[in-house]
Structures are given as structure tokens and as C-alpha cells.
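Please look over the sequence and the model shown here before reading on. The briefing that follows takes up the contact between the chains and then some local features of the backbone and side chains.

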There are 2 protein chains.
Amino acid sequence: MTSSRLTGVIAAAATPIREDRSIDLEKLVAHCRRLLDNGCDGINLLGTTGEATSFSVEQRLEAMAAVARSGLPLDRFMVGTGAAALADAIRLTAAARDHGFAGALLLPPFYYKGIDRDGLVGYVEAVIAGAGPNGLRLYLYHFPQLSGVPYTADVVEHLRRAHPGQVLGLKDSSGDLDYSADLARRLPGFAVFPSSEASLGRADELGFAGCISATVNVNAPLAGRAWRERRTKAGSAALEAAGAVREALGKVPLVAAVKWALATLSGDDGWRRLVPPLRLLLPAEQQTLERALAETAFAELNWVRQ
Amino acid sequence: MTSSRLTGVIAAAATPIREDRSIDLEKLVAHCRRLLDNGCDGINLLGTTGEATSFSVEQRLEAMAAVARSGLPLDRFMVGTGAAALADAIRLTAAARDHGFAGALLLPPFYYKGIDRDGLVGYVEAVIAGAGPNGLRLYLYHFPQLSGVPYTADVVEHLRRAHPGQVLGLKDSSGDLDYSADLARRLPGFAVFPSSEASLGRADELGFAGCISATVNVNAPLAGRAWRERRTKAGSAALEAAGAVREALGKVPLVAAVKWALATLSGDDGWRRLVPPLRLLLPAEQQTLERALAETAFAELNWVRQ
């Protein structure tokens, strides 16, 4: 992997799929390019919004390879490599490093619950040893609401101090800014990314490296401006507009909402498809979403059409 | 798959691993054979106790193939085929059918949470369609404490009525006997297996098909007798003795306890190995376990040595 550090607004890119539920590689690459051209500093490929865990290891490796050969700047990409199976996480994490992506975003193993410090540290260290520590750039992915296994601050601190060259940061999708701020304070130089662009207004104060967000798939230009111009009035206005779009999307199941928004903005209905167990918005949910988005800058977000 | 129905005492077989964390296929086959020869009516290969989700799809397919070519009676095997990724669950479930195993035990997709009825039904129906319904014999695996996604009674009833030839039963690891009993009452002919041999004493009354249990790896002869002689005094005594061993094992992390017990009874220390995030018992846990087992028939369970 490169030596650059990921910072700023990182989109947790949605993954377009074909009718047979395979990943539409061409459309995925085009979407990533558009995001980078329209305000995003980086891309989180194959995260939760990207439905990574709904694809086989082979499908995930194929998507990584497609992005790697696309000519896009891999030093702006962080790839989700988490898996329930240790052998899978090792294979995906090694591939992320070998392709030259700037980071691998590692979920905890998410089937067994009640995993203690020894179990979780043992797993991450087995991934590091299995993939080979050389050139590994790991970001821990804290999302206890889905994984059921928190990266407690104690575990994070231990892993960072034991592997300072490999364990570079953390994505915090818990929504608990106190947890993010505590880690940023405890571990100088450790890159902490909350999952909401709403946190960008306090990023300097709390020591965040930026954000990694699902809704940036839709509001990229607003979120990008909110970050770049964060000490200006224009930045504050962009932050508010981005936040309104985010809040509207969050009123219904989020990944489906993001894909519905991309389909609507791009005119490409194929964007709506999801891999089960995620499902299309129900008519009532779609109505809720449309009403909520009508109160925002959503209709002006025509960058997706480019 | 065969047309026989699985019933009785089914062991959720532990999976022995080599030093490199690959599955020790020879030892796995030998363990399954011993279980069937010592009181078990069936084997649940690669379930939660078998650490299935900690292995790659290829490792799981290899283990299935090894058992299939071992000459063991496949009509007494149910194989865990659940995976977070739809494509993986389809591949594993189809392989279970194609090998001729009597059943495929299907976890819900266990990464995303808050999955509703439509999402969960959509996933199971996508597995059925993807694997091909012909000859498919599915058992739903309800374990909300680990999967985070319950097979609600409503979903189970819908799937059973919509696919009576494919959806044959359910393993209930929730520990909620009311849930098991409710399903057995609602759905005659649907095979419901609680996860504890302690339930065998009420199996006839509540309409259970038997049990699928982790601790039967250790107390197989006792659990087998408890089932076969369940209307006799000897059966009640065996049930009590089996329950005492189970209770002792449950005082510490269960999969590690079962593997420790197998190592201790067989004299083969390799049995202790686990795939991270599961870990060896800590010294204090081992002491707790030894003390608890000393009050039971554990020391007499020398069938494991055969």
C-alpha cells in the first residue's frame, strides 16, 4: 500500500449489481470516479453500504481487481475486508495491500458474540500475521449495532500500540461521538472517522480525520464543500444542506434509500437493486423518503447524472 | 438428499483443526463415526459448535466432501450451510443436497440487523431458487443471540407453508422452549429441535423431533439413552446425568469447553485448538470447568477414547 494517509470526506460507495446479483464492475468504477470528481477525498469500497458481506470472497476480489486496473487513484481508496471467517479476512486484507489500496477496513468477526479482549485481539493479530504485516494499513471498523462485537477503546488502544505501523485508524459507525473523540484524544496520529458528515463541523475540535459516510454517495458535492471550507460561512451552509439530505435518507432503510436516490438522480433504475436480505423500499417508505427529500437540496444534486 | 427424516439426538459436532487452522478431515470423520456409534442418531456437521462460519467456503466444502466419501450414513447428517453472503449460502446448500446429506441447516444472513419479514423471506427464497428446489431439505437455524436475526414464528410459518417440500424443520438455539413448542403445535410434521438434551424429557409432550446439541459431543451415550429409554427410570437417570455434564460445560465459553473436554477424554491435545475469535479456556475458566465436571459422570465418559 502507499504511504499516504486517508483524510477528509470518504464515501462508503454503494455497489451497483446486475440482474443476476453479480457486481456491475463497470458501473461501480464509474460511480467511484464520479464521487472522486465531485467532492470526495476518498472512497470506502465494499463497506456496509456497499453490501460487502452479502458478496462471496470471489465477488469481492473481482471488484477490487476491477477498481485496481481502472486507473483510479488507489491511494484514495479504503477497502472493506472484514469477514466472519478468519481465512477470508486474511485473503481479502492481503489482496487490498497487494493491489495497492491505501487501507483495509476490518470488521471484527461478526458471528460469535460475547467475544472478549483476548478473542478479538487474537483475531486481528491472526489477520496481521496471516496477511503478512509488511505494508499492511488497517483501519478498524467499529459498528457494534451490526457486527455485535465492539472494538472497545481498550482493544483499539492495545492494537494501535502493539502494531503502530499496521493499525492506522478506525471508522466509527456507532454514532457515539464521545467514543470517537475519546480515541482521537488518547491516540495522537490515529485516524478516527465518524460515519456522519454531520460530524465534520467538529472534526478539528475533536481531532477527527474526516468522515466515512453512506449518504455521501448522494450529497458528495455538499459534504466535500463542508469539509474543504469548514471555517467559512459557505462551508457551514454546505454542512447544513448535506445534513438535511442525510437526515431525509435516514428516515427509511439506509442502503435501499441511497440506491433509490442514485437511481432517481441518474435515471438508471438498475441502481435500485439490492442483494437479499436487503430489499427495495416499500411504497410507503418511498413516499416518506420523497416527502423528506423534497424539503432539501436533493433535486439539485445532478452531479450523479454526469 | 434422501427421503429419511432426521430425529432423536443429534450432535452439533465440534470441528478438529490442525496447527495451521485448517480442518483435520480425518479426525473429523473419526469423531462423527464415534458419535454415531455411541448413542447419537445424527450429526449436525459444521454448525455453531463446529465453528462453521470461521472457515472459508472452500474449507467447508472440503469437510463436506470428506464426510461424504467416508462411507458414513449421510442420511443421518445435517450440514450447516449458512453464510452472510447469499452466493455462499447458495453454493453450500446446493453442495449439501448434491452430496446426499439429509439436511441443510440454514442460518439467516447474520450481518445486517433489523431485517424484516420481507427481507428474511426474500433471502431464504433466493437460497431455494439459487440452489434449485429439487431435493432440497432445509432446516432453519434460529439462534438470535448469535445471528442477531430471529426466524420469527411468522416467517417460519410462511416459509413452511410456501415450501412444504423444502422447509422441513428448525433448530432452536434460543433456549426459549415456548417458541419451540409453539412452532411444533402450529406446524404438524415440521421437525423442531431445541438445542438442549435437557428438553428430551418433554419432547413427546411438546412435539419435538429430538435435539441438536453441542454438549452431546461429550455426553453422547447418556443423551442417547435418555432419548431411547425416555419413558423408563433408566432414561430419566441418563437424562439427569447428561444434564449435569451439560450444565458444567455451560459454566465457561461453550465451544472451548467442549473441545477441552474432548481433548481431556481422548488424550489428544490437538482437540483444544479453536479458530479465532474463539480462544482457549483461561486457567481460571479451566479450573471452574474441572471443578464442575468433577461432580458429574464426566470421568466415566471414556467412549471418546475408542
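**Aromatic cluster and chain interface**

A:Phe110, A:Tyr111, A:Tyr112, B:Phe110, B:Tyr111 and B:Tyr112 are linked into a cluster by ring pairs, where rings of Phe, Tyr and Trp (its six-membered ring) pair if their centres lie within 6.5 Å. This is a predicted model, in which local features need pLDDT of at least 70 and side-chain atom pairs count only at pLDDT 80 or more, while totals for chains, interfaces and linings use all residues. Residues are numbered from 1 along each chain as its sequence is written, chains are lettered from A in the order in which they are written, and side-chain values use heavy atoms, with hydrogens and water left out.

**Extent of the interface**

- Between chain B and chain A, 40 residues of chain B are in contact with 40 residues of chain A, contact meaning heavy atoms within 4.5 Å.
- The two chains, B and A, bury about 3100 Å² between them, with 61% of it on carbon and sulfur atoms; buried area is the accessible area (1.4 Å probe) that two parts lose on being put together, summed over both.
- Within chain B, the residues that lose the most area to chain A are B:Tyr111, B:Tyr112 and B:Pro277, which together account for 26% of what that side buries.

- The rule finds 2 salt bridges across the interface of chain B and chain A, a salt bridge being a side-chain nitrogen of Lys or Arg within 4 Å of a carboxyl oxygen of Asp or Glu.
- A:Arg279 forms a salt bridge with B:Asp116, in which the closest N and O atoms are 2.7 Å apart.

**Charges over rings**

- In chain A, the charged end of A:Arg230 sits over the ring of A:Trp227, 3.8 Å from its centre, the criterion being NZ of Lys or CZ of Arg within 6 Å of the ring centre and within 35 degrees of the ring normal.
- In chain B, B:Arg230 lies over the face of B:Trp227, at 3.7 Å from the ring centre.

**Backbone features**

- The peptide bond joining A:Pro276 and A:Pro277 is cis, with omega about 20°, and A:Pro277 is found in the loop between helix H11 (254–266) and helix H12 (283–294) of chain A; helices (H or I, at least four residues) and strands (E, at least two) are DSSP runs, numbered from the N terminus.
- In chain B, the bond from B:Pro276 to B:Pro277 is cis, with omega near 15°.
- A:Arg21, although not a glycine, has a positive phi of about 70°, and A:Arg21 lies in the loop between strand E1 (8–12) and helix H1 (25–37) of chain A.

Definitions and conventions: Rings of Phe, Tyr and Trp (its six-membered ring) pair if their centres lie within 6.5 Å; planes under 30 degrees apart count as stacked, over 60 as edge-to-face and the rest as tilted.
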